[in-house]
Each structure stands twice: as structure tokens, then as C-alpha cells.
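Please keep the sequence and the structure in view while reading.

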Amino acid sequence: MIDSLAGLHERARQRLDPVHYDFFAGGAGAEVALAENERAFGRLALRPRVLRGNDIRDLRTTLPGARAAVPIFVSPTAFHRLAHPDGELATARATAAAGAVLISSMAATVAIGEVAAAARAVDPAAAVWFQLYLQRDPAVTEHLVRHAEAAGCSALVITVDSPVFGHRERDQHNGFHDLPAGLTTANMQDLPGGPREIDMSAAFTWAHLARLRALTRLPLLLKGILHPADARLAVEAGLDGIIVSNHGGRQLDAAPAGIEALPPIVSTVDGEIPVLLDGGVRRGSDAVIALALGATAIGLGRPVLWGLAAAGESGVRQVLELIRAELDHVLTLCGASRPAELTPDLVVPRGCRC
Ligand SMILES: Cc1cc2nc3c(=O)[nH]c(=O)nc-3n(C[C@H](O)[C@H](O)[C@H](O)COP(=O)(O)O)c2cc1C
Ligand SMILES: CC(C)CC(=O)C(=O)O
């Protein structure tokens with residue numbers, strides 16, 4: 001029996017320590033950006049086409065370093081062992097089984113080598129990407145890159161929306177600063193000079209990214225792009241993709257919803273590199289709206305954490321299957337047989353005369 005996403009979320013809320021629930025659920029400041037990610041989808045409608053002969057459908061999607069069965073990726077989120085003892089291993093197995101792309105966070109509680117091996121044990125072709133924040137000490141950044149390469153990751157995702165950490169008022173109120181005893185940020189343990197803290201910095205520029213580009217042959221994607229001018233700079237810097245995201249409303253609370261930022265970015269990038277999107281995707285219709293507005297794939301952050309906390313690997317499988325099945329259903333209702341057939345004319349503002 002597959003639960004609804006709302007059912008899994010409720011079960012997760014009941015199972016989690018309330019402080020940890022708040023860490024997963026919360027956003028920055030007044031949580032406007034967090035709420036807007038979901039609300040913005042509600043302001044859009046799908047205007048379907050009919051009689052398109054789309055009884056056979058194909059959701060396969062090509063991404064940098066990945067041939068995915070579905071246009072879905074698991075967004076990088078920290079600390080999966082706070083949600084379930086199997087942590088990132090469960091997430092990796094479920095994501096590989098779904099044929100989706102896993103972006104494993106540098107703030108994972110299982111090291112990237114073990115995460116990637118767990119995914120490959122389910123499907124030898126499973127795509128695992130490694131997410132990192134550039135570290136002030138370039139030796140640490142380089143080590144993280146080498147660990148990801150050695151693990152067999154097929155792309156790197158550099159998160160660029162966090163020159164400083166967002167103000168998470170729930171965490172401040174709850175006094176949540178550190179992982180409980182027994183859990184570590186596993187990728188940060190085996191580093192030059194010993195274990196390190198994740199170190200965010202506002203000092204980075206496009207020049208640092210060029211240095212990273214020279215350091216590895218892996219495809220590089222930037223995560224946390226909201227301005228079309230930055231999307232253009234990413235294309236010019238030779239990036240292999242961008243992820244439009246406001247970090248699930250956890251960084252700049254005044255940021256637009258990802259789905260609102262997407263159209264001008266898609267038009268600036270003009271098909272030169274894939275544009276991915278995350279933030280507030282909770283239903284197949286949200287995914288179809290994003291794909292129609294030009295996203296190549298959509299990411300799920302909290303829904304995966306709710307599945308994991310509710311029922312471990314099986315819960316994550318349920319979340320990914322729910323979204324896949326709904327995506328296929330809505331695609332059919334819109335008259336499309338492939339994500340690439342979804343076009344922007346299918347999306348209209350709610351309340352308009354269309
Ligand atoms: C608990 C939590 C931890 C996160 N950790 C990271 C992280 O380590 N790196 C990162 O780039 N983004 C991180 N994010 C942001 C997600 O990758 C993603 O952008 C966001 O969750 C998408 O929105 P959604 O939760 O509405 O699906 C985190 C989000 C949450 C909720
Ligand atoms: C603990 C952080 C590195 C991850 C996080 O909470 C975030 O990026 O939102």
C-alpha cells in the first residue's frame with residue numbers, strides 16, 4: 001500500500017524528535033520563501049492538449065553523467081541518519097531502484113564512497129552526484145572532489161547560494177547546532193589535518209569556480225541560481241548544468257520561488273545546458289509545470305526526508321513512485337508522451353482568460 005505524501009509527512013512528524021523535525025521542515029527568517037515554493041505552483045494551471053495519440057509514454061531523461069529513467073533527482077539534504085538509522089544508504093538504494101539521480105550532500109552522515117556503493121548494488125548504472133560547498137581551504141575542496149571521483153560519482157554539484165548560512169529561527173529557538181553523539185558529517189572526517197567543520201565563505205568568485213573546473217573532468221553543475229545573469233555566466237564558464245533553487249527557502253527568505261525564477265533563466269540559457277529545478281515540488285502536476293516551463297528534471301528535498309523518516313528505504317521508494325506515477329498521469333492528461341513534448345504554452349496563470 002502506498003501512502004499519500006501527506007500521510008508520509010504526518011508519520012515522519014510523529015516519529016521524529018521535534019527538534020530534528022524542525023531542522024528538516026524549517027526555512028530561513030519568516031519562512032516566506034519556504035511557503036512560496038509550494039504556493040507559486042498553486043498560482044499556475046495546466047492547459048492541456050487533446051487527441052495527441054499519447055498512449056505510449058517514455059520518461060527517460062539524459063542529464064550530465066546520468067541516463068535517468070525519470071526526470072527526477074533527489075536534492076542534496078544533510079543528516080539523513082537523523083531521519084532513519086540507515087540514513088543515506090536507504091536513500092541511495094531507493095533512488096537507484098527508481099532510476100532517479102541521487103545528489104548526495106557533503107553534509108551526509110554516511111561517506112560518499114558507501115553511499116555510491118549502496119546505489120550501485122541496486123543498479124550498477126545508478127547515477128550519484130556529489131554536492132559540495134567550496135571550502136575556504138582549497139586542499140579540503142580538492143580532497144572532497146577526489147573522494148567523489150574515487151566513489152564513482154558522475155557529476156559534482158556546487159551549491160553557490162550559501163555565502164553565509166541562512167538564519168533558521170526554529171533551530172535557533174530549539175538550540176539545534178550539532179549532530180547528536182554517534183553521528184558525524186562522514187565526508188568531513190578523513191581530510192588533511194583531520195576532521196573539519198563545513199566552512200561557508202562569502203569570499204568566492206567565478207575565478208574560484210574556474211580553478212575547480214581545472215581540477216576535475218567530472219561534469220559540474222551549479223545549484224542555487226535565481227538570476228538570469230548568473231545563469232548566463234554559468235554557461236560562459238563552461239558549466240554543464242544549473243539547478244534553479246532557493247535552497248528550499250532556507251537561505252534568502254526574500255528570494256522568489258524557484259518556479260517563478262525558472263522562465264527567464266530558461267530563456268537566457270536557451271538550451272545550451274540543462275536547467276534543473278527544485279523547491280516545493282509535491283505533486284506530479286508541479287513536476288509537469290516545471291518541465292513545461294523548461295526544466296530538464298525536478299528535485300525533491302523534504303518529501304524524500306519524510307519518506308525516509310516514516311519508513312526508511314521503503315518510504316523513500318514510495319515517495320519516488322508516487323511522484324513518478326503522478327507525473328506520468330498528468331503528462332498523459334496533458335496530451336504528451338515525453339517530457340520534451342511539454343511546452344510553455346501549456347502553463348497559464350490561474351484566474352486568467354486563456
Ligand atoms: C534538511 C535540509 C537539508 C538541506 N541540506 C542541503 C545541503 O546539504 N546542500 C544543499 O545544496 N542543499 C541542501 N538543502 C536544500 C535542498 O537541496 C533543496 O534545494 C530543497 O530542499 C528543495 O526544496 P523542497 O524541500 O521543497 O523539495 C537542504 C534542504 C533541507 C530541507
Ligand atoms: C547543515 C547544512 C550544511 C545543510 C543545511 O541545512 C542546508 O543546506 O540547508
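Strand β5 (residues 101-105) pairs in the parallel sense with strand β6 (residues 128-132) over four bridges. Across this pairing, Ser104 stands opposite Phe130 in β6. The model is a predicted one.

The two strands belong to a closed barrel of eight strands. Its order is β4-β5-β6-β7-β8-β9-β10-β11, with parallel pairing. From one strand to the next, the twist averages 25°. Helix α9 (residues 228-236) packs on the sheet and touches β8 (220-225) and β9 (241-244). The direction of α9 makes about 170° with that of β8.

| Strands | Sense | Bridges | Opposite residues |
|---|---|---|---|
| β5 and β6 | parallel | four | Ser104 and Phe130 |
| β6 and β7 | parallel | four | Leu132 and Ile158 |
| β8 and β9 | parallel | four | Leu222 and Ile242 |

**Buried strands**

How many residues of strand β7 (residues 155-159) are buried? Five of the five are, so β7 is largely enclosed by the rest of the structure. In a regular strand the side chains alternate between the two faces of the sheet. In β7, Ala155, Val157 and Thr159 lie on one side. Leu156 and Ile158 lie on the other, and both faces are covered.

Helix α10 (residues 258-269) has twelve residues. From its first C-alpha to its last, α10 reaches 16 Å, close to the 16 Å expected at 1.5 Å a residue. Asp270 follows α10 and has a positive phi, near 50°.

Which residues of α10 are buried? They are Gly258, Ile259, Glu260, Ala261, Leu262, Ile265, Val266 and Val269. An α-helix has 3.6 residues a turn, so residues three or four places apart point the same way. The cover over the buried residues of α10 includes α3 (32-42), α9 and α11 (284-292). It also includes the strands β8, β9 and β10 (275-278).

Helix α3 has its own buried set: Ala33, Leu34, Glu36, Asn37, Ala40 and Phe41. These residues pack against β1 (44-46), α10 and α11.

**A loop residue**

Thr184 lies in the loop between α7 (169-174) and α8 (206-215). Is Thr184 buried or partly exposed? Thr184 is partly exposed, because 15 other C-beta atoms lie within 10 Å, and a buried residue needs 20 or more. Leaving aside neighbours within four places in sequence, Thr184 is in contact with Thr109, Leu179 and Gln189. Thr184 and Arg81 are 103 residues apart in sequence, yet 9.3 Å apart in space, C-alpha to C-alpha.

**Ligand surroundings**

Around ligand 1 there are 23 residues. Ser75, Ser105, Thr159, Gly248 and Gly301 come nearest. By class, the shell around ligand 1 has seven nonpolar, twelve polar and four charged residues. Thr159 is also one of the buried residues of β7.

Ligand 2 is surrounded by Ala78, Ala107, Ile198, His247 and Arg250. By class, the shell around ligand 2 has three nonpolar, one polar and one charged residues.

Note on methods. Residues numbered from 1 in each chain as written. Chains lettered and ligands numbered in written order. Predicted model: local features only at pLDDT ≥ 70, side-chain atom pairs only at ≥ 80, totals over all residues. Near = placed C-beta within 6 Å. Nonpolar A, V, L, I, M, F, W, Y, C, P; charged D, E, K, R; others polar. Pairing = 2+ DSSP bridges. Axes fitted to C-alpha atoms, helices over the stretch in contact; angles between N-to-C directions. Contact = placed C-beta atoms within 7 Å. Expected span 1.5 Å × (residues − 1). Buried ≥ 20, exposed ≤ 12 C-beta atoms within 10 Å, placed from the backbone.
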